[in-house]
Amino acid sequence: MSNQEILDVILSRAADIVGDITTDALSRFYQKFPNARTLFYEWDRRATDRLEAEMVSQILYCLMYFGDRPTEIEIILRDTVPYHRLALDIPPNIFLGLIEATCDVIFDTIPASAHDAIEFWVNLRTKICEMVECAAKDDWTYRK
């Protein structure tokens with residue numbers, strides 16, 4: 001099976017089991033970072049739910065297209081992470097925490113017997129998280 005096929009199976013299974021992962025991802029995120037709920041509210045008091053959903057959607061986009069468009073995802077993260085840190089005063093660990101929570105929701109839908117899918121997902125998560133860490137340090141020595 002190709003990487004794209006593995007990714008399609010992982011995401012389809014997650015959609016079938018969980019449906020919209022936004023609520024579950026945010027729940028996990030807020031368990032680890034309870035103060036972040038207030039930050040989301042402060043950033044957009046009128047549309048906090050929309051902002052939260054957009055963040056999870058952006059993470060999914062990065063996960064879905066990293067294999068085909070790694071440079072595009074690198075650019076998105078290189079621009080987004082420092083912006084959140086410098087303009088919005090959001091520490092990189094909060095940014096990374098939402099990515100990890102989103103990845104964990106999806107990971108939990110992968111059967112233990114699906115070794116290729118587990119390996120693929122762990123590798124993808126690691127690469128995305130490394131890119132975020134590089135962006136947080138303004139260290140673009142990361143390469144695929």
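This report describes the helices of one predicted protein model and some residues within and between them.

## Basis of the model

The model is predicted: local features need pLDDT of at least 70, side-chain atom pairs count only at pLDDT 80 or more, and totals for chains, interfaces and linings use all residues. Residues are numbered from 1 along each chain as its sequence is written, and side-chain values use heavy atoms, with hydrogens and water left out.

## Overall fold

The protein has 7 helices and 0 strands. Along the sequence the pattern reads α-α-α-α-α-α-α. Helices (H or I, at least four residues) and strands (E, at least two) are DSSP runs, numbered from the N terminus.

The protein has 144 residues, and 42% of them count as buried. Buried means under 20% relative accessible area, exposed over 50%, and partly exposed in between (1.4 Å probe, protein chains only). Contact means heavy atoms within 4.5 Å. Take the contacts between residues at least 6 apart in sequence: 69% of these join residues at least 24 apart.

Two packed helices are described by the angle between their axes and the distance between the axes. Axes are lines fitted to C-alpha atoms, for helices over the stretch in contact, and angles run from 0 to 180 degrees between N-to-C directions. Angles under 35 degrees count as roughly parallel, over 145 as roughly antiparallel, 65 to 115 as roughly perpendicular and the rest as oblique.

Helix H6 spans residues 92-107 and helix H7 spans residues 115-136. They pack at an angle of about 170 degrees, with their axes 10 Å apart. H6 and H7 are therefore roughly antiparallel to each other. On the H6 side, the contact residues include Phe95, Leu96, Ile99 and Cys103. On the H7 side, they include Ile118, Trp121, Val122 and Cys129. By class, this contact has 14 nonpolar, no polar and 4 charged residues. Ala, Val, Leu, Ile, Met, Phe, Trp, Tyr, Cys and Pro count as nonpolar, Asp, Glu, Lys and Arg as charged, and the others, Gly among them, as polar.

## Between H6 and H7

Thr109 sits in the loop between H6 and H7. Thr109 is buried, with a relative accessible area of 7%. Its side chain reaches the backbone oxygen of Ile106 at 2.6 Å. Leaving aside neighbours within four places in sequence, Thr109 is in contact with Ile10, Arg13, Ala14, Ile17 and Val18.

Ile118 is in helix H7. At 22% relative accessibility, Ile118 counts as partly exposed. Ile118 and Phe107 are 11 residues apart in sequence, and their C-alpha atoms are 7.4 Å apart in space. Not counting residues up to four places away in sequence, Ile118 touches Phe107, Ile110, Pro111 and Ala112.

## Helices H1 and H7

H1 and H7 pack at an angle of about 95 degrees, with their axes 10 Å apart. That makes H1 roughly perpendicular to H7. H1 contributes Asn3, Ile6, Leu7, Ile10 and Leu11 to the contact. H7 contributes Asp116, Ala117, Phe120, Trp121 and Leu124. The residues of this contact divide into 8 nonpolar, 1 polar and 1 charged.

Ile6 lies in helix H1, which spans residues 3-18. Ile6 is buried, with a relative accessible area of 8%. Ile6 and Asp116 are 110 residues apart in sequence, yet 7.8 Å apart in space, C-alpha to C-alpha. Not counting residues up to four places away in sequence, Ile6 touches Met1, Asp116, Ala117 and Phe120.

## Thr22 in H2

Thr22 lies in helix H2, which spans residues 22-32. Thr22 is buried, with a relative accessible area of 14%. Its side chain makes a polar contact with the side chain of Asp20 at 2.7 Å. A polar contact is a pair of N or O atoms within 3.5 Å; within protein, one must be able to donate a hydrogen and the other to accept it, and residues adjacent in sequence count only if both atoms are side-chain atoms. Thr22 also touches Ala53 and Val56, not counting residues up to four places away in sequence.

## Cysteines

A disulfide is a covalent bond between the sulfur atoms of two cysteines. Here the cut-off is a pair of cysteine sulfur atoms within 2.5 Å. The structure holds 0 disulfides.

The closest cysteine sulfur to that of Cys129 is in Cys103, at 5.9 Å, too far for a bond. Cys129 is buried, with a relative accessible area of 9%. Cys134 is buried, with a relative accessible area of 10%.
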